[in-house]
Amino acid sequence: MRKIIINGGASLQGEVKIGGSKNSVVALIPAAILCKDKVRIYNYPNISDVEVLIDILKDLNVSTIVEKDYLEIDSSNIINTSLVSEKMSLLRASYYFMGALLALFNHAEINLPGGCYLGPRPIDLHVKGIKQLNCEIDLDEGMIKLHSNKLIGDKIFLDIASVGATINIILASVFINGQTIIENAAKEPEIVNVANFLNNMGASIEGAGTGIIKITGVKSLHGTNHEVIPDRIEAGTYILFGAAAGKDLIVNHVEPLHLNALIAKLNKCNVETIVDNNKIIVSKSKKLLPLNIRTAVYPGFPTDLQQIMTALMTQANGVSIINETIYSSRFKNCDDLIKLGANIQIENSSAIIFGSSKLKGTEVTASDLRGGASLILAGLVAENKTVIDNVEHIFRGYGNIVENLKNLNVDIKLEEY
Ligand code: EPU
């Protein structure tokens, strides 16, 4: 077990380089098995979710070469086996093997995915959508079994614009003779990144990034080299760190267009951001103002930044209301923020934050990935020492975070116990 210890009060200065997107790469890796040639994925992030996926690939007899600059995946000897293991439950994205294996073998068996507990996270839309492709699906004791004699394309309307269901249906459909159409598809940049990857491999996917995606089946896919887009949530996290404690902090290797919702909100609460090509420069606001925020699907304010924004708003002068519309219980971090001195009330699916609060370091626990990042932000501004336990959650999505913060002048260390 490991914990992060932060001595608050430092100004974050210098430059941080943002890595490849977690939620993109966790789909690109399962997607890579759809071709028998070698695939290289550049700009992959150094996070534990990637390590787990590489481990899962081994069970499928898919080999990987992990270089500093790229990850090479070779599926020429892939076998279809039942993916039942604890590692499948370590992350959410293991469910992409449903779509990918089904497309390859007309058959897939996996155990149900895990990931952060953010309240109930059903996969009914994945199941309903894939069933419509003439596939039988059995859910039994934590296992999901999919089988089809012949997959057939259809028009699938998603009741909710789900990122995971959109990608899983795309993966399942790439080889289906004819057309599959997804209506009310999710529009997140990660979906565009995955569709571009598959198209570079020879797939025919139109409309990614819009609400209607059309997949025309092809016979096979070929190898390609592909770059993971910058992680907009990691970038947003460092920008929020900068808004809390930065002094001309440079967040580099970002796609500013993917961060419009965050930048608009920061400008409203008196945090100045300078966008310079792929860099965003941010400093602590002299007088942070409170905000009203509603999380929404892309291009709205991302739920994945909600908890970190909540931590920032503890420092704003006045009352902020943050309404979470994607995961109604994504507030587990608030108990620990309160322990650090914040004044927050949870009412239904909203956090009401009464600021500003002087935070004081104490021992807290990362409840989940983004909740853990919110505690880091609190630790940056808190007096004295903040000790964050259960930090494995944080390493699922933030590569090199302790080293990065050290380089930005933060008194931070990782301790094993
Ligand atoms: N939903 C259903 N049924 C389904 C699928 C989703 O009701 O079958 C609901 C969910 O419960 C949620 C909403 O639809 O209320 C949206 O969920 P979505 O499927 O879009 O989320 P996801 O694919 O499970 C991905 C990211 C999450 C991110 C969400 C929303 C991955 C691996 N995870 O999850 O990332 O919060 O999209 O943008 O891509 C994170 O990075 O911290 C994280 C949790």
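## Basis of the model

Residues are numbered from 1 along each chain as its sequence is written, and side-chain values use heavy atoms, leaving out hydrogens and water. In this predicted model, local features need pLDDT of at least 70 and side-chain atom pairs count only at pLDDT 80 or more, while totals for chains, interfaces and linings use all residues.

## Where the ligand sits

Why does the ligand lie between domain 1 and domain 2? Domain 1 (2–19 + 230–416) and domain 2 (22–227) both give residues to its shell, so the ligand lies between them. The domain bounds come from an automatic or database domain assignment.

## The shell around the ligand

The ligand is surrounded by 24 residues; a residue counts if one of its heavy atoms lies within 4 Å. The closest are L125, S162, D304, I326 and R370. By type, the shell has 12 nonpolar, five polar and seven charged residues. Here Asp, Glu, Lys and Arg are charged; Ala, Val, Leu, Ile, Met, Phe, Trp, Tyr, Cys and Pro are nonpolar; the others, Gly among them, are polar.

Several helices each supply at least two shell residues, including α4 (124–131), α9 (303–313) and α11 (369–381). Helices (H or I, at least four residues) and strands (E, at least two) are DSSP runs, numbered from the N terminus.

## Polar contacts

A polar contact is a pair of N or O atoms within 3.5 Å. The side chain of D304 has an N or O atom 2.6 Å from a ligand oxygen. For D124, a side-chain N or O atom is 2.7 Å from a ligand nitrogen. R92 places a polar side-chain atom 3.5 Å from a ligand oxygen. The protein covers 91% of the 830 Å² of accessible area that the ligand has on its own, by the Shrake-Rupley method with a 1.4 Å probe.

Most peptide bonds are trans. The bond joining Y298 and P299 is cis, with omega about 10°. P299 is in the loop between β17 (292–294) and α9. Another cis bond runs from G355 to S356, with omega near -5°.

Key
A polar contact is a pair of N or O atoms within 3.5 Å; within protein, one must be able to donate a hydrogen and the other to accept it, and residues adjacent in sequence count only if both atoms are side-chain atoms.
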